[in-house]
Amino acid sequence: MKNLKYYLAAIFAFAIWGTFSLVLRPLHAYPSLDILFYRVFSCAVIMSLVTVLFRRSKLKNNLQYFKSLDKKNKQKILGLNILSSILLTGNWFSFIYVMNHVSVRATSVAYLVCPIITTILAFFILREKLTRLQWLSVFLSGVGCVLLSYSNLLDMLYSSIIGSTYACYLITQSANSKFDKFLILNFHMILAALILLPFFPSHSGPIPTELKFYMYVGIIAIMYTIVPLLLNLYAMSGIASSKVGMILNINPIIAFILAGAVYHEALGGLQIVAYSIIFLAVIVFNAKEIFRLKKESVV
């Protein structure tokens with residue numbers, strides 16, 4: 001039961017992201033880059049204000065810890081966090097573009113590919129051990145993704161780009177276990193804003209005048225960026241990256257349901273079978289924890 005809070009954090013984070021289309025699709029008339037610019041800038045400003053006003057002591061303690069590290073570890077942490085910001089920025093742009101200009105379903109497939117990549121990277125890079133049952137789960141997820149890509153190879157290409165950038169982002173966060181999660185995310189947002197800032201004057205459209213745009217961007221910044229990312233980072237502080245990666249499948253399953261129920265994207269029998277296989281894979285991967293929690297609740 002001690003890990004339940006970490007599992008719940010991951011579940012809530014990915015469930016929130018699963019409904020992202022509800023606030024992103026209303027902005028489909030705006031260029032993807034504009035949505036990205038305002039999303040990142042808003043997050044950087046909001047989180048920096050919170051840090052300055054309420055988290056100065058945490059910032060001071062984290063800076064002291066960073067200064068106490070040797071030169072090699074400082075360079076490693078800085079390098080990984082710069083890479084994290086680049087990966088996060090790339091993931092957001094590709095997600096927004098595919099969501100608004102390709103299909104909702106292509107983005108849902110992306111986060112089915114992501115857990116497979118995350119699990120494999122966690123095995124080879126972080127040396128996380130996997131049972132035979134968990135490898136079976138990875139195989140089942142792979143089968144599901146192959147079935148989904150069978151009818152549309154281009155969608156699968158887009159999905160792989162989105163999924164791989166976020167999988168790599170998750171893996172890089174293992175270096176940040178000693179730092180405050182809010183401050184780490186704030187650092188990523190500031191770096192992402194600095195990365196995008198030089199492109200803003202030449203690549204942004206006219207300044208939006210509709211209140212609707214700023215309302216949705218505000219919701220995206222707080223409820224679909226800051227909150228779920230913090231929950232995600234918190235979950236990774238208590239359970240393995242591979243487990244967080246597999247729980248991520250909740251996101252695309254919800255997105256898949258919305259794609260058919262809300263946006264009326266055609267649903268084929270093959271796709272339903274593929275998603276069912278992937279959902280089974282999530283249960284199989286976490287079977288040990290699921291049955292342990294059930295047993296403990298009975299006791």
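Q: How many cavities of 30 Å³ or more does the count come to?
A: The count comes to 2 cavities at that cut-off of 30 Å³ or more. Here a cavity is a set of points on a 1 Å grid over the protein atoms alone where a 1.4 Å probe fits but cannot get out, and its lining residues have an atom within 4 Å of a point. The volume is the space filled by probe spheres set on those points, which are joined across faces, edges and corners. Keep in mind that this is a predicted model, where local features need pLDDT of at least 70 and side-chain atom pairs pLDDT 80 or more, while totals for chains, interfaces and linings use all residues. Residues are numbered from 1 along each chain as its sequence is written, and side-chain values use heavy atoms, with hydrogens and water left out.

Q: What makes up the lining of the largest cavity?
A: Trp17, Phe20, Arg39, Asn91, Trp92, Phe95, Tyr111, Tyr166 and Asn251 line the largest cavity, whose volume is about 120 Å³. Helix H5 gives the most to this lining, with 3 residues. Helices here are DSSP runs (H or I, at least four residues), numbered from the N terminus.

Q: How do the residues of that lining divide by class?
A: The lining of the largest cavity splits into 6 nonpolar, 2 polar and 1 charged. The rule is that Ala, Val, Leu, Ile, Met, Phe, Trp, Tyr, Cys and Pro count as nonpolar, Asp, Glu, Lys and Arg as charged, and the others, Gly among them, as polar. Arg39 is in the lining, and Arg counts as charged under that rule.

Q: Which residues lie nearest the centre of the second largest cavity?
A: Those are Trp17, Phe95, Met99, Asn251 and Ala255, out of 11 lining residues. About 50 Å³ of space lies in this cavity. H6 (104–124) supplies the largest share of the lining, 3 residues. By class it has 6 nonpolar, 5 polar and no charged residues.

Q: What makes the largest pocket a pocket, and what lines it?
A: A pocket is an open set of points with protein on both sides within 12 Å along at least five of seven lines. The largest one has a volume of about 370 Å³. Of its 14 lining residues, the closest to the centre are Leu59, Leu63, Leu183, Ile184 and Phe187. H4, H5 and H9 each supply at least two residues of the lining, and H9 gives the most, with 5. By class there are 10 nonpolar, 4 polar and no charged residues.

Q: Which accessibility class does Leu59 fall in?
A: Leu59, which lies in helix H4, comes out at 34%, so it is partly exposed.

Q: Which residues form the nonpolar patch on the surface?
A: Leu78, Ile82, Ile86, Phe187, Ile195 and Phe199 form it, with about 490 Å² of accessible area together. That area comes from the Shrake-Rupley method with a 1.4 Å probe, where for residues only the protein chains shown count as cover. Patch residues need over 30% relative accessible area and no salt bridge; like charges are joined within 9 Å, and nonpolar side chains (Val, Leu, Ile, Met, Phe, Trp, Tyr) within 5 Å. Take Ile195, in helix H9: its relative accessible area is 31%, which makes it partly exposed. H5 (71–101) and H9 (181–196) each supply at least two patch residues, and the largest share, 3 residues, comes from H5.

Q: How do you know that Asp180 and Arg55 meet in a salt bridge?
A: The definition asks for a side-chain nitrogen of Lys or Arg within 4 Å of a carboxyl oxygen of Asp or Glu. Asp180 and Arg55 are at 2.7 Å, N to O, so the pair qualifies. Asp180 lies in the loop between H8 (153–172) and H9, and Arg55 in the loop between H3 (32–54) and H4 (56–68), so the pair ties together parts that are 125 residues apart in sequence. A search of the whole structure finds 1 salt bridge.

Q: Are Asp180 and Arg55 buried or partly exposed?
A: Asp180 is buried, at 14% relative accessible area, whereas Arg55, at 22%, counts as partly exposed.

Notes
Buried means under 20% relative accessible area, exposed over 50%, partly exposed in between (1.4 Å probe, protein chains only).
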